[in-house]
Amino acid sequence: MSNQLSIPFKRTYAIPLRDAVYGHIQSKNYNVHPEAFKWDINRWEELRKAVTNSSVHVDQVEAILAYHAQLAFILTKLPEDITLDIPYAPVSSPDALPVTLSNLHFERCCLLFNLASLYSQLGLAEDRTAPDGVKRASAFYQSSAGTFSYLKAHAWPKLQSSLSEEDGLPLDLSEAFLNSMESLMLAQAQECAWQWAVMGRNSNGTIAKLAMQVSALYDGARLAIRSAVPAIWGALPSEWTVHIEVKSLHFSAAAQYRKSFDDTERNRYGHEVARLTFAQTMAKKAFDTARRGASKLVLEDVKSLLEIVDSNLTRARRDNDLIYHQDVPAASSLPQIQPASMVASVVPPGLIEPKKILENDDLIFGGLIGWGAQTAIEIYNDRRTTTVKEHIKDRAQQLNDAYTQELQLHSLPAALDALDKPIGLPPSLLKKAEEVRLENGPDRVEKSFEDVEMLAQRAMALLTESLDILDQEASEDEQLRRITLTQRLPSHQANEQFTSKAERYRNILHQAAESDALVRQRWDEWEKCVIQLTWDEACSPTSTRRPEIGATQTHARALRVLLEQLDDLVRERNQLVSRAQRLADADDISARILKEAAGLEKWAEIQPSMFEETLDQELAKYDKFRRGMEDSAAKQSELLEGTRMDSFISSRREDPSVKEREHALQSLDLSYHKYKEIVRHLDEGMQFYNDLTAILIRFKESCVEWVMGRRSELHSITGQMNGLTIEADSPVQVPTPVSPPSHPAVVSGAPHSSLHPSRVGRQIAPDLPPPDSDQWQVMELPPPPPSHRTSKQRKK
């Protein structure tokens, strides 16, 4: 047993490492099969298993440093979240439910925490009765403090920045907790330096300065714990706070005690009495505090110091009163003892230079592209897709729609077709009608409506199944709360993040259903007209009279030239879209990104932002298409101004036969455009529901995973309840004067129904004496209160 502390390990459990890595590599499209990294995964599993055995041996330091070096390199290749749940129990409660985070930075921080714990346990295991043991213990404590310092500076910020608001830091990884542990380790290292000075019989002044620094470091740990927000008391063993406070007071008293000898040697006898009086006050306070829960050795140390101080104070007062007659100053006016530090936070070299640890070892995932480079490729692909869609495809569609609307406003080109060909369909409509017939337009639309409806029903079914899973868990939680008290959050609070998401998804589905209904309404309005497009030409509208050739024909020829130029612009835009799409389909910047990534430091953590300049350069390939679209827009705007020909329109107003045919052709032309619009909306609807279905599948999987975690808690709680019930059902051996007949023994193979939850917490009464035994005592009871009925009769 020691009068110092060692930090326990953070307990962890086995994790599905192989499944998580396989799933990540497959989902991220690394262009390589996960089996290519079989050795890497096996090596990762071996290293992790080697450092989770909780053995306290100096060789374990090298194992942890090797795993940390590999983990630091892995984090340059993989993102922090690879959907790998990593559990670590609280440091003060190794058997409690672990904190589980899907974050590799969490694994690294906990690994460093356990390395610091190992150093502290190695320091505690040293024999401090010999000078060499004291030196080694101090070195281990300083390495522990250095590990905490490295954890705070290099690993902890990355963990904190990568966590969401829902995933808070565990208390034992909070900044205040780490600061307090670093101060504690430095205090114990300084205590070893003080002990070495005492053993070496250094001067009292030097020993006093060393003791004062010990007190200051312990007090720093105490203040870090006390001022922490949120409070970290619960993350510490209950006796630690008492231990730290006692140590601070103890060494404050020890410093004054040692300094009193220095004052005696300098003939400052009044100062000697004042310092011993102050030391006595501190030692008494330390002794009173130690009795609240400090270890036996710490209490004995304080008691021994208090006895020595009392003895020396009695002697010093007697000598000063009888011999020296010096004034005794107040404790506040005594010269301060300047602390002398002999320790510092020493970061192990293996943490500073992890490359040196792995000089002769293969790097895990050394052949895998770094996650930063892979993310940069994904970012480029997203930007390229957005550029082609929004600035080229959508822009072309926007210009085509504006062109179509402008022509429809002036009944073009139907007015020209009715003038040029009074019988049958004009060439422009023949081509459009042929397109609709070849696509079997009406049947295609109906089939698309069925597909959209099926996808919508599937999405709603997935959402309903997810909510059913949450409802089932809520029922289980409610059933548990009927039979016992529990501190965990009720389901309606714990699943709030899921229910709020589900509500958003439901609203999105309702809005999508309204959009689907609107598209269906448009189709119902235009279905007959679209069907007419599929008729034979013989069924098309005709005119029996050809209009006279005159001003109308002159204006028509000029207008036809403008329309042909506009049609040419449409074809050019379509060609631009096709060329841009072909370029995008063949566009792959992986080789360039990989080449640039290979030129970076091998151990550097590659961030996607490092490739911003490259991404901009590659996206510049699509600027010519964007400029082409804007040039086309300017030309179209100029040409559309020329289509507003009042003279042509006014020249046709007096010919009713032309007007009738023009109206029919205009209706057919408009039907074609409505058909194309409805088909486009249906295609977008199917894409929307497919994307939403993928999101809802992931949402359902998240609900299942969350419910499994809640059920694990439920099983743990019910297991504890069953344990309490079994303990309560066991016979209590209480000696009684007369033994009554024994109760039937509980059969080990009895059904579990005997362990009903309602019996949890009840104590079985001890065997009672027979009713006629003399052990029973008779006592008089007070009279019962008057009944309600009797009171009423008296009032009457």
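I counted as a salt bridge a side-chain nitrogen of Lys or Arg within 4 Å of a carboxyl oxygen of Asp or Glu. The model is predicted, so local features need pLDDT of at least 70 and side-chain atom pairs count only at pLDDT 80 or more, while totals for chains, interfaces and linings use all residues. Residues are numbered from 1 along each chain as its sequence is written, and side-chain values use heavy atoms, with hydrogens and water left out.

Entry 1. I looked up D263 and R275 and found their side chains in a salt bridge (2.8 Å, N to O). This pair links distant parts of the chain, from D263 in helix α8 to R275 in helix α9, 12 residues apart. I took helices as DSSP runs (H or I, at least four residues), numbered from the N terminus. D263 and R275 are both buried; buried means under 20% relative accessible area, exposed over 50%, and partly exposed in between (1.4 Å probe, protein chains only).

Entry 2. I next examined R292 and E245, whose side chains form a salt bridge at 3.8 Å, N to O. R292 lies in the loop between α9 (269–290) and α10 (296–324), and E245 in helix α8 (residues 240–265), 47 residues apart. R292 is exposed at 56% relative accessible area, whereas E245 counts as buried at 19%.

Entry 3. I then turned to D219 and R222, which meet in a salt bridge of 2.7 Å, N to O. They are separated by about one helical turn because they stand 3 residues apart in helix α7 (residues 204–226). D219 is partly exposed, at 23% relative accessibility.

Entry 4. My search of the whole structure returned 36 salt bridges.

Methods:
Helix = DSSP H or I, 4+ residues; strand = E, 2+ residues; numbered from the N terminus.
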